[in-house]
Amino acid sequence: MASSDTWIKEYNEAARIADDINGMISERISLPASGPETQRHASAIRRKITILGTRLDGLQSLLSRPTGKPLTEKEMNRRKDMVANLRSKANQMASAFNMSNFANRESLLGPETKQDAMSRTVGLDNSGLVGLQRQIMKGKVCFQAEQDEGLEKLEETVMSAKHIALAVNEELDLHTRLIDDLDQHVDVTDSRLRRVQKNLAILNKRAKGSCSCMCMLLAVVGIVILVVAIYLVVKYL
C-alpha cells in the first residue's frame with residue numbers, strides 16, 4: 001500500500017506540473033512576440049518540461065521495479081497508460097518549444113547507456129528511487145539552466161550587434177545626406193560661376209567696342225587738326 005501511495009503521489013505531482021506548463025503556455029498569449037521577458041518565460045516553460053520528463057522517468061522506473069504489495073495486471077496496465085498519456089502530452093509541449101532532445105534520454109542523461117542507468121537502481125527501494133530521480137532531475141535542470149543562460153548571453157550579444165549596426169547605419173545616412181548637400185551646393189556654385197563668366201564676356205566685348213570708337217574719334221580729330229595747321233601755314237606764308 002505504501003508503494004502504491006508513493007506512485008500515486010508522484011503521478012499527481014507530475015500531473016500538477018503538466019497543468020502548470022499548460023497554464024504558462026496560455027499566458028504566452030499576453031506577452032510580446034519577442035523580447036527578454038518572452039525569452040525568460042519560454043526558458044521557465046522548458047525547465048518545467050524537463051522536470052516533468054524526469055518525473056515521468058521516475059514513474060516508469062517505479063512501475064518496472066515494483067516493491068511491496070504486487071499490483072494486478074489491470075492496475076499495472078492502467079498506470080502504464082496514465083504514464084504514456086502524460087508523456088505524450090509532455091512530448092507535444094516539448095515539440096512546441098523545439099526541445100528535440102526531450103525524448104532522448106541518452107542526450108539528457110549524458111554518455112551513460114540505458115543499461116548503466118538501470119544498474120543504478122539495483123537494490124534501491126522506493127525512497128532510493130525517488131532520491132535518484134531527484135538527483136537526475138537536478139542535473140537536468142542545471143543543464144537546462146546553463147543552456148538558458150547561454151541563450152540569454154547570445155541574445156544580449158545579438159542585441160548589442162544590432163544596436164551597433166543601427167548606429168553605423170545612422171552614421172552612413174548622415175554622411176550620405178552631407179554628401180548630397182555638398183553636391184547641391186557645388187551645382188549651385190558652378191551655375192553662378194557660369195553666369196559670372198558670361199557677364200564678364202559681355203562686358204569685355206562691350207569694352208573692346210568702346211575702345212575702337214574712341215580710337216576712330218581721336219584719329220578724326222587729329223586729321224582735322226593737321227589740316228587746319230597746314231592751312232594756316234600755307235595762308236601766312
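Modeller: Gladly! Accessible areas here come from the Shrake-Rupley method with a 1.4 Å probe. On that basis the protein chain exposes about 16800 Å², and carbon and sulfur atoms supply 60% of it. Please keep in mind that this is a predicted model.

Biologist: Thanks! What makes up the secondary structure of the protein chain?

Modeller: It comes to 6 helices and 0 strands. Read along the sequence, the pattern is α-α-α-α-α-α.

Biologist: Why is Leu52 called buried?

Modeller: Buried means under 20% relative accessible area. Leu52 has 0% relative accessibility, so it counts as buried. Across the 237 residues of the protein chain, 23% count as buried.

Biologist: How do you know which residues Leu52 is in contact with, leaving aside neighbours within four places in sequence?

Modeller: Contact means heavy atoms within 4.5 Å. With those neighbours set aside, Leu52 is in contact with Ala14, Ile17, Ala18, Ile21, Leu86, Ala90 and Met93. Take Ala90 from that list: Leu52 and Ala90 are 38 residues apart in sequence, yet their C-alpha atoms are 7.2 Å apart in space. For the protein chain, 75% of the contacts with a separation of 6 or more are between residues 24 or more positions apart.

Biologist: What makes a set of residues a nonpolar core, and which members of the largest one touch the most other members?

Modeller: The members must be buried nonpolar residues joined through side-chain atoms within 4.5 Å. The largest such core has 26 residues, and Trp7, Ile49 and Leu52 touch the most other members. Helix H1 (2-27), helix H2 (36-64) and helix H3 (73-96) each supply at least two residues of this core. H2 gives the largest share, 9 residues, and Leu52 is placed in that helix.

Biologist: Now the other end of the scale. Why is Tyr236 called exposed?

Modeller: Exposed means over 50% relative accessible area. Tyr236 has 66%, so it is exposed. Tyr236 lies in helix H6 (residues 126-236).

Biologist: Which residues does UniProt list as "transmembrane region"?

Modeller: The unreviewed entry lists residues 213-234. In the model, that stretch is 100% helix and 0% strand, with its end C-alpha atoms 32 Å apart. The label itself comes from the record, and such annotations may be inferred rather than shown by experiment.

Notes. Residues are numbered from 1 along each chain as its sequence is written. This is a predicted model: local features need pLDDT of at least 70, side-chain atom pairs count only at pLDDT 80 or more; totals for chains, interfaces and linings use all residues. Side-chain values use heavy atoms; hydrogens and water are left out. Helices (H or I, at least four residues) and strands (E, at least two) are DSSP runs, numbered from the N terminus. Buried means under 20% relative accessible area, exposed over 50%, partly exposed in between (1.4 Å probe, protein chains only).
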